[in-house]
Amino acid sequence: MRLTSAMLDVSEVSSEVSSDQAGAISVFIGTTRNNFEGKRVVSLEYEAFVPMAERELRRLCSATRAKWPGVCGIAIHHRLGLVPVGQSSVIIAVSSCHRREAIGAHCHLFLVCFLRISGFYNDIPFNMQARSVRMTSILARTAPVMSGCN
C-alpha cells in the first residue's frame, strides 16, 4: 500500500503481488480523463490524512484476505496532489492461485475503496469558485480542475 505524490508505475505495483503460487494477477488502473459533466478537465487533485487512510486501507486488505483466502498479494497505490489528464490516480493489484479469487477480491477492493476511501469532493470549475460536498471519507478527491467557462 502506498499513498504518494509521485507518478504511479503499474509494473512496480504488479511486481509487488507477483508470486510463484499465483496463477492470476488482476490489475485496475484509474486515470484522469479529460472531461467531467461536459466540461474539459486538466487535472484532478487528491488529498488525504495519511495515517487514517493507511489504517483504513490495511483494514480493507485484511478483510479482503479473510473473504478470499486464496489471495497471494494485494497492492494499492494512490496518488496525492495534482494528477494531470492521462496519468494514473490509483492502481490496485491482486494476485491469487486462481483468476476467480483474484478478480472477486479485486472488484471488492475497488468498490470498497471507491465508496469508503474517496470522499471529500471539492468541485473547482475554471473560474476557481469552489463548492464542497462532505461525504464520509479518508482519502479526498478534489474534483477536476477544468478549463472553459460554465
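# Reading the labels on this model

Me: Why does Phe-28 count as partly exposed?
Reply: Its relative accessibility is 25%. Buried requires under 20%, and exposed requires over 50%. The value for Phe-28 falls in between, so this residue is partly exposed. Keep in mind that this is a predicted model.

Me: How many aromatic pairs does the structure hold?
Reply: One. The rings of Phe-28 and Phe-110 have their centres 4.5 Å apart. The limit is 6.5 Å, so the rings pair.

Me: What makes that pair tilted?
Reply: The planes of Phe-28 and Phe-110 stand at 50°. Stacked needs under 30 degrees and edge-to-face needs over 60.

Me: How do you know which parts of the chain the pair ties together?
Reply: Phe-28 is in strand 2 (residues 24-31), while Phe-110 belongs to helix 3. The pair therefore ties together parts 82 residues apart in sequence. Phe-110, with a relative accessible area of 28%, is partly exposed.

Me: What makes Glu-12 and Arg-2 a salt bridge?
Reply: Their closest N and O atoms are 2.7 Å apart. The cut-off is 4 Å, so the pair qualifies. Side chains of opposite charge can pair when their charged atoms come close.

Me: What separates Glu-56 and Arg-59 along helix 2?
Reply: About one helical turn, because they are three residues apart in helix 2 (residues 50-67).

Me: Are Glu-56 and Arg-59 buried or partly exposed?
Reply: Glu-56 has a relative accessible area of 9%. The limit for buried is under 20%, so Glu-56 is buried. Arg-59, at 46%, is partly exposed.

Me: How do you know on which side of helix 2 the buried residues lie?
Reply: The buried residues are Ala-53, Glu-56, Leu-57, Leu-60, Cys-61 and Thr-64. They cover an arc of only 140° around the axis, so they lie on the same side of helix 2.

Me: What is the span of helix 2 set against the expected one?
Reply: Helix 2 has 18 residues and spans 26 Å, first C-alpha to last. At 1.5 Å a residue, 26 Å is expected, and the helix is close to that.

Me: Which residues touch the most other members of the largest nonpolar core?
Reply: Val-71, Ile-74, Ile-76 and Leu-109, out of 16 core residues. Helix 2, strand 5 (71-79), strand 7 (88-96) and helix 3 (99-117) each give two or more residues to this core. Helix 2 gives the most, with four. In soluble globular proteins, nonpolar side chains tend to be buried together.

Me: What does Ile-74 contact outside its sequence neighbours?
Reply: Beyond four places in sequence, the partners of Ile-74 are Val-17, Cys-61, Thr-64, Arg-65, Ala-93 and Leu-109. Another core of six residues lies apart from the largest one, with Val-13, Val-17, Ala-75 and Ile-91 among them.

Me: Why is Ser-88 called buried?
Reply: Its relative accessibility is 15%. That is under 20%, so Ser-88 counts as buried. Ser-88 lies in strand 7.

Me: Is Val-85 buried or partly exposed?
Reply: Partly exposed. The value for Val-85 is 36%, between 20% and 50%, so that class applies. Val-85 sits in the loop between strand 6 (81-84) and strand 7.

Me: Which residues does Val-85 touch?
Reply: Not counting residues up to four places away, they are Thr-32, Arg-33, Asn-34, Val-41, Val-42 and Ser-43. Val-85 and Ser-43 are 42 residues apart in sequence, with C-alpha atoms 5.4 Å apart in space.

Me: How many helices and strands does the chain have?
Reply: Three helices and ten strands. Of the 150 residues, 43% are buried.

Notes: Residues are numbered from 1 along each chain as its sequence is written. This is a predicted model: local features need pLDDT of at least 70, side-chain atom pairs count only at pLDDT 80 or more; totals for chains, interfaces and linings use all residues. Side-chain values use heavy atoms; hydrogens and water are left out. A salt bridge is a side-chain nitrogen of Lys or Arg within 4 Å of a carboxyl oxygen of Asp or Glu. Buried means under 20% relative accessible area, exposed over 50%, partly exposed in between (1.4 Å probe, protein chains only). A nonpolar core is a set of buried Ala, Val, Leu, Ile, Met, Phe, Trp, Tyr and Cys residues joined through side-chain atoms within 4.5 Å. Contact means heavy atoms within 4.5 Å. The expected span of a helix is 1.5 Å times one less than its number of residues. The arc is that of the directions from the helix axis to the C-beta atoms. Rings of Phe, Tyr and Trp (its six-membered ring) pair if their centres lie within 6.5 Å; planes under 30 degrees apart count as stacked, over 60 as edge-to-face and the rest as tilted.
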